[in-house]
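Dear colleague,

I am passing on the structure below, followed by notes on what was found in it. Please read the notes with the model open beside you.

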Amino acid sequence: MNIQKYMAFVKAVEYGSFTRAADALNYTQSGISRMINDLEIEWGISLFERGRAGISLTSDGLKLLPQLQRICNEHEMLMMQIEELHDIQSGIIRIGTFSSVATHWLPHMIKFFKQDYPGIDFELLLGDYTEIESWIIEGRVDFGFLRLPTKAKMETIFVEQDRLLVVIHQDHPLADCDKFPISELTSPFMLLEKGAKAEISEIFEKHNISPHISFTTWDDYAIMSMVENGLGISILPELILERIPYQIIAKELEIPAFRTIGIAMREQQSLSLAAKRFIEYLSYRKRK
């Protein structure tokens with residue numbers, strides 16, 4: 001009940017009238033007057049001067065006003081948070097993603113999120129970086145996992161750096177090397193790319209390499225199968241190489257290369273509460 005009395009006090013100060021404070025809080029005038037009187041008796045001080053012209057704060061009431069305002073504001077924020085928790089008991093989160101994140105991160109995140117919010121459903125759209133950016137801009141997804149920096153202007157959250165590794169057949173002449181030479185990337189190459197240039201083509205451009213590209217796809221697993229069958233080599237993100245069923249070897253480049261993975265959205269502030277809360281589960285992305 002005390003918080004209601006504090007609110008009665010703050011509103012009476014705000015409106016300069018017990019009657020108007022009563023209207024704002026949906027009480028009777030006598031109810032507001034009684035709550036103020038209770039506070040004065042409890043604290044042993046006078047809060048208001050009462051006269052024909054209305055009410056005005058005493059010096060003691062003026063000193064207590066800032067603290068009581070803070071208490072009422074904190075209570076309002078608490079009530080809003082409680083209401084928000086009820087609002088995310090149902091709904092759907094739409095996420096744009098590429099295969100390695102969908103395979104190795106999202107299952108863990110969703111598993112733990114569903115334990116706390118079982119009524120939330122998910123829709124995953126798999127695509128390349130360009131497609132995911134378009135889905136974010138068009139509002140088709142709430143947010144997406146992307147390589148940073150993004151081409152389009154949007155809000156982003158850094159997640160982590162993912163090494164890019166050379167994948168080769170088990171009988172490849174360089175199977176025993178410590179680091180894979182950049183100069184040896186010219187042999188038949190399986191390019192993981194679709195549409196716009198991705199990080200692998202940027203490696204070639206940076207080192208002035210023109211490989212013989214014999215196969216191009218955006219399917220990580222197709223690339224690994226081709227390499228396993230001795231059809232060439234490739235460069236793949238370390239994330240997709242976790243728990244793979246293929247008999248291939250992964251080697252770090254002599255000049256290490258990475259892709260920066262992040263989450264992108266049009267405006268973080270405009271995300272649904274459920275989507276905002278799901279992003280907080282990024283720490284669960286890896287198998288514990």
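Where does proline 149 lie? Proline 149 is found in the loop between β5 (143–148) and β6, where helices (DSSP runs of H or I, at least four residues) and strands (runs of E, at least two) are numbered from the N terminus. The peptide bond that joins leucine 148 to proline 149 is cis, with an omega of about 0°.

Before going further, please note that this is a predicted model, in which local features need pLDDT of at least 70 and side-chain atom pairs count only at pLDDT 80 or more, whereas totals for chains, interfaces and linings use all residues. Residues are numbered from 1 along each chain as its sequence is written, and side-chain values use heavy atoms, with hydrogens and water left out.

Confidence

The pLDDT, which is the predictor's confidence in each residue from 0 to 100, averages 90 over the protein chain, and 98% of the residues score at least 70.

Loops

Serine 17 sits in the loop between α1 (2–15) and α2 (18–25). Serine 17 counts as buried because its relative accessible area is 17%, the classes being buried under 20%, exposed over 50% and partly exposed in between, with a 1.4 Å probe and protein chains only. Its side chain reaches the backbone nitrogen of arginine 20 at 3.2 Å. Leaving aside residues up to four places away in sequence, serine 17 touches Ala12 and Ile55, where contact means heavy atoms within 4.5 Å.

Asparagine 26 is in the loop between α2 and α3 (29–43), and its relative accessibility of 72% makes it exposed. Asparagine 208 lies in the loop between α8 (199–206) and β8 (213–217), and at 73% relative accessibility asparagine 208 is likewise exposed.

Which residues of helix α6 (residues 106–116) are buried? They are Leu106, His108, Met109, Ile110 and Phe113, and the buried residues of this helix pack against β3 (91–97), α5 (99–104), β4 (120–126), β5 and α10 (273–279).

On the surface, Leu78, Met79 and Ile82 form a nonpolar patch with about 230 Å² of accessible area together. Such patches are made of residues with over 30% relative accessible area and no salt bridge, like charges being joined within 9 Å and nonpolar side chains (Val, Leu, Ile, Met, Phe, Trp, Tyr) within 5 Å, and the areas come from the Shrake-Rupley method with a 1.4 Å probe, only the protein chains shown counting as cover for residues. Isoleucine 82 belongs to helix α4 and is partly exposed, at 35% relative accessibility.

Salt bridges

Side chains of opposite charge can pair when their charged atoms come close. With a salt bridge taken as a side-chain nitrogen of Lys or Arg within 4 Å of a carboxyl oxygen of Asp or Glu, the count comes to 16.

Lysine 11 pairs with glutamate 14, the closest N and O atoms being 3.3 Å apart. These two residues are separated by about one helical turn because they are 3 residues apart in helix α1. Lysine 11 is partly exposed, with a relative accessible area of 25%.

Arginine 50 and glutamate 40 also meet in a salt bridge, at 3.1 Å from N to O. This pair links distant parts of the chain, with arginine 50 in strand β1 (residues 48–51) and glutamate 40 in helix α3, 10 residues apart. Arginine 50 is partly exposed at 44% relative accessibility, whereas glutamate 40 is buried at 10%.

Glutamate 199 forms a salt bridge with arginine 147, with 3.4 Å between the closest N and O atoms. Here too the pair links distant parts of the chain, glutamate 199 being in helix α8 and arginine 147 in strand β5, 52 residues apart. Glutamate 199 is buried, at 6% relative accessibility, and arginine 147 is buried as well, at 15%.

Finally, Arg163, Lys179, Glu238 and Glu252 are linked in a network of salt bridges.

Notes:
A polar contact is a pair of N or O atoms within 3.5 Å; within protein, one must be able to donate a hydrogen and the other to accept it, and residues adjacent in sequence count only if both atoms are side-chain atoms.
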